[in-house]
Amino acid sequence: MNTFCKEVNYRADGSEKVMRNHKVKVTLESNSGRNQRFKDCVNGKEMTRNQFVKEIKKGNYDGYYVRKINDIDTPVSKPDGKTNNNLG
């Protein structure tokens, strides 16, 4: 079973952004580029940024951590030296 997403997502302005393979993919980003909605490609669960942050803090997504960016909790993938598997 393929547990990665390889799909297109849409920015707030409606433009398309082609995604690479991810276990969690960004499905919506704001005009400023902030990731707003996410989809877990393993179980199909869709989450807002706040829901994803809570799940990460609970320890449910060990490949991700939360950074404070412009005073907003923001999910980010843990660095592993690869650029082709970052949240996009």
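Colleague: How many aromatic pairs does the structure hold?

Modeller: There are 4 aromatic pairs in this predicted model. Take F38 and F52: their ring centres are 4.8 Å apart and the planes sit at 45°, so that pair is tilted.

Colleague: Where do F38 and F52 lie?

Modeller: F38 is in strand β4, residues 35-40, and F52 is in helix α1, so the pair ties together parts that are 14 residues apart in sequence.

Colleague: Is F38 buried or exposed?

Modeller: F38 is buried, because its relative accessible area is 0% and the cut-off is under 20%. F52 also counts as buried, at 0% relative accessibility.

Colleague: OK, and which aromatic pair do F52 and Y64 form?

Modeller: An edge-to-face one, with 5.4 Å centre to centre and 65° between the planes. Y64 sits in strand β6 (residues 64-69) and F52 in helix α1, so here the pair ties together parts 12 residues apart in sequence. Y64 counts as buried, at 12% relative accessibility.

Colleague: Which residues do the ring pairs link into a cluster?

Modeller: F38, F52, Y61 and Y64.

Colleague: Let's move on to the core. Which residues make up the largest nonpolar core?

Modeller: That core has 8 residues: V24, V26, F38, M47, F52, I56, Y61 and Y64. Strand β3 (24-29) and helix α1 (49-57) each supply at least two of the core residues.

Colleague: What about V26, is it buried or exposed?

Modeller: V26 is buried, with a relative accessible area of 0%. Its place is in strand β3. V26 and R49 are 23 residues apart in sequence, with their C-alpha atoms 9.5 Å apart in space.

Colleague: Switching to charges. How many salt bridges does the structure hold?

Modeller: The structure holds 4 salt bridges. One of them joins E55 and K45, with the closest N and O atoms 3.4 Å apart. That pair links distant parts of the chain, since E55 is in helix α1 and K45 is in the loop between β4 and β5 (46-48), 10 residues apart.

Colleague: Is E55 buried or exposed?

Modeller: E55 is buried, with a relative accessible area of 14%. K45 counts as partly exposed, at 35% relative accessibility.

Colleague: What else does E55 meet in a salt bridge?

Modeller: The side chain of K58, at 3.5 Å from N to O. K58 is exposed, with a relative accessible area of 60%. Together, K45, E55 and K58 are linked in a network of salt bridges.

Colleague: And which side chain does D73 meet in a salt bridge?

Modeller: D73 meets K68, 3.2 Å from N to O. D73 is partly exposed at 22% relative accessible area, while K68 counts as exposed at 53%.

Colleague: What's going on with D40, and what is its nearest side chain of opposite charge?

Modeller: D40 is buried yet has no salt bridge. The nearest side chain of opposite charge is K45, 7.5 Å away. D40 has its place in strand β4. Not counting residues up to four places away in sequence, D40 touches K23, V24, K45, M47 and Y61.

Colleague: Last thing. Where in the protein is confidence lowest, and where highest?

Modeller: Strand β2 (residues 16-18) is lowest, at a mean pLDDT of 54, and α1 is highest, at 97. The mean pLDDT of the protein is 80, and 66% of its residues reach 70 or more. Where pLDDT is low, the predicted coordinates should not be read in detail.

Conventions:
Residues are numbered from 1 along each chain as its sequence is written. Side-chain values use heavy atoms; hydrogens and water are left out. A nonpolar core is a set of buried Ala, Val, Leu, Ile, Met, Phe, Trp, Tyr and Cys residues joined through side-chain atoms within 4.5 Å. Buried means under 20% relative accessible area, exposed over 50%, partly exposed in between (1.4 Å probe, protein chains only). Helices (H or I, at least four residues) and strands (E, at least two) are DSSP runs, numbered from the N terminus. Rings of Phe, Tyr and Trp (its six-membered ring) pair if their centres lie within 6.5 Å; planes under 30 degrees apart count as stacked, over 60 as edge-to-face and the rest as tilted. pLDDT is the predictor's confidence in each residue, from 0 to 100. Lys and Arg count as positive and Asp and Glu as negative; His and the chain ends are not counted. Contact means heavy atoms within 4.5 Å.
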